[in-house]
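Welcome, and please take a look at the structure below. This briefing covers a cavity and some salt bridges.

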Amino acid sequence: MAIPIYLFTGFLESGKTTFLQETLEDPDFCTGEKTLLLLCEEGEIELEPKKFAGGNVTIVQVENEEDLTRDFLAGQAKQRRIDRVLIEYNGMWNMQTLYDALPKGWEFYQILLTADSTTFASYMNNLRQLAVDKLQDPEVVIFNRCTDQTDRTYLHRAVRMVNRRAQILYEYMDGSVRPDDIEDELPFDLKAPVIELRDEDFGIWYLDAMENPDKYRGKHIHCKAYVCQTKHAPKGCFVAGRFGMTCCAEDISFIGVLCQADNAAQLPHRSWVELTAELDVTKSEIYEGEGPYLRASKVVPTTPPQDELVYFLR
């Protein structure tokens with residue numbers, strides 16, 4: 001039987017503990033399940049177990065990142081015969097540490113991130129790799145301490161550069177919560193006969209096309225791309241893309257889309273091309289589902305762009 005995990009992430013004083021307390025006080029959430037609560041950091045606010053609904057919550061403090069091991073977690077589960085796990089994760093610890101430590105049968109049910117809107121930009125500027133690490137997987141991102149002066153557009157873009165599926169909520173000082181209603185501004189003309197992608201716009205287009213592939217079905221595009229020849233691409237196709245940097249030089253990864261072309265097999269791997277293509281949607285193992293598909297009418301060799309990297313947030 002699988003053990004569901006509810007993971008609460010975010011940096012120190014981002015409101016994790018308060019949100020966790022409110023969750024455990026909810027009688028709809030706590031109905032007597034045997035719950036293991038792992039606390040991986042100590043903030044200014046302490047939990048009040050007497051207010052928990054339903055009881056049956058065992059709190060275990062995890063002092064150090066290296067203490068979070070598979071043997072430790074499996075031992076806790078066996079000793080306490082738990083029904084579920086809640087984790088308040090340390091914002092300075094890498095997410096991979098937790099992922100590597102999960103025993104067999106432990107499965108994430110929900111991942112939530114809380115962030116202080118007044119300090120979030122500082123983390124993005126000074127601890128970007130850690131911030132991006134926390135933003136990648138949550139289904140829900142809650143920015144608290146918001147006011148009418150909060151730059152919601154910046155917060156929206158910061159999440160969307162690494163996580164296209166998360167629900168974003170803004171909690172205001174008066175306690176009200178507003179859903180994210182910001183539409184991504186695109187730096188190219190979707191109504192043009194041919195969408196002209198500037199070199200610096202490839203990353204923004206890629207994110208939008210991956211999230212909304214049907215929006216581009218039947219449209220035409222002109223851009224410069226890097227050629228990736230891979231056995232995972234169907235015959236007559238290559239992957240047209242760019243290298244993108246999310247947070248730092250250590251986090252550069254290739255992003256690309258399938259492109260069908262008559263001369264696909266003749267294009268050298270790691271070369272640069274200029275292409276014009278009609279967009280469609282296809283299923284592929286590269287996407288692990290559906291994604292954009294380019295049917296190229298013209299693909300010719302070209303020189304690399306001035307900056308070969310694309311960025312998602314500056």
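G10, F11, L113, T114, A115, F120, A131, K134 and L135 line the largest cavity. Two elements, strand 5 (106-116) and helix 5 (128-135), each give two or more residues to that lining. The model is predicted, so local features need pLDDT of at least 70 and side-chain atom pairs count only at pLDDT 80 or more, while totals for chains, interfaces and linings use all residues. Residues are numbered from 1 along each chain as its sequence is written, and side-chain values use heavy atoms, with hydrogens and water left out.

**The cavity**

- The structure holds one cavity of 30 Å³ or more, and the volume of the largest cavity is about 30 Å³.
- A cavity here is a set of points, on a 1 Å grid over the protein atoms alone, where a 1.4 Å probe fits but cannot get out; lining residues have an atom within 4 Å of a point.
- Grid points are joined across faces, edges and corners, and the volume is the space filled by probe spheres set on the points.
- Six nonpolar, two polar and one charged residues make up the lining of the largest cavity. Ala, Val, Leu, Ile, Met, Phe, Trp, Tyr, Cys and Pro count as nonpolar, Asp, Glu, Lys and Arg as charged, and the others, Gly among them, as polar.
- Helices (H or I, at least four residues) and strands (E, at least two) are DSSP runs, numbered from the N terminus.

**Salt bridges**

- Side chains of opposite charge can pair when their charged atoms come close.
- There are 13 salt bridges in the structure, each a side-chain nitrogen of Lys or Arg within 4 Å of a carboxyl oxygen of Asp or Glu.
- One of them joins E41 and K16, with the closest N and O atoms 2.4 Å apart. E41 sits in the loop between strand 2 (35-39) and strand 3 (57-61) and K16 in helix 1 (residues 16-25), so the pair ties together parts that are 25 residues apart in sequence.
- Both E41 and K16 are buried, meaning under 20% relative accessible area, with exposed over 50% and partly exposed in between (1.4 Å probe, protein chains only).
- R198 pairs with D201, the closest N and O atoms being 2.7 Å apart. R198 is partly exposed at 45% relative accessibility, whereas D201 is buried at 3%.

- D280 and R217 meet in a salt bridge (3.1 Å, N to O). D280 lies in strand 13 (residues 272-284) and R217 in the loop between helix 7 (202-211) and strand 10 (220-228), 63 residues apart.
- D280 counts as buried because its relative accessibility is 17%; R217, at 45%, counts as partly exposed.

Notes
On a 1 Å grid over the protein atoms alone, a cavity is a set of points where a 1.4 Å probe fits but cannot get out, and a pocket is an open set with protein on both sides within 12 Å along at least five of seven lines; lining residues have an atom within 4 Å of a point.
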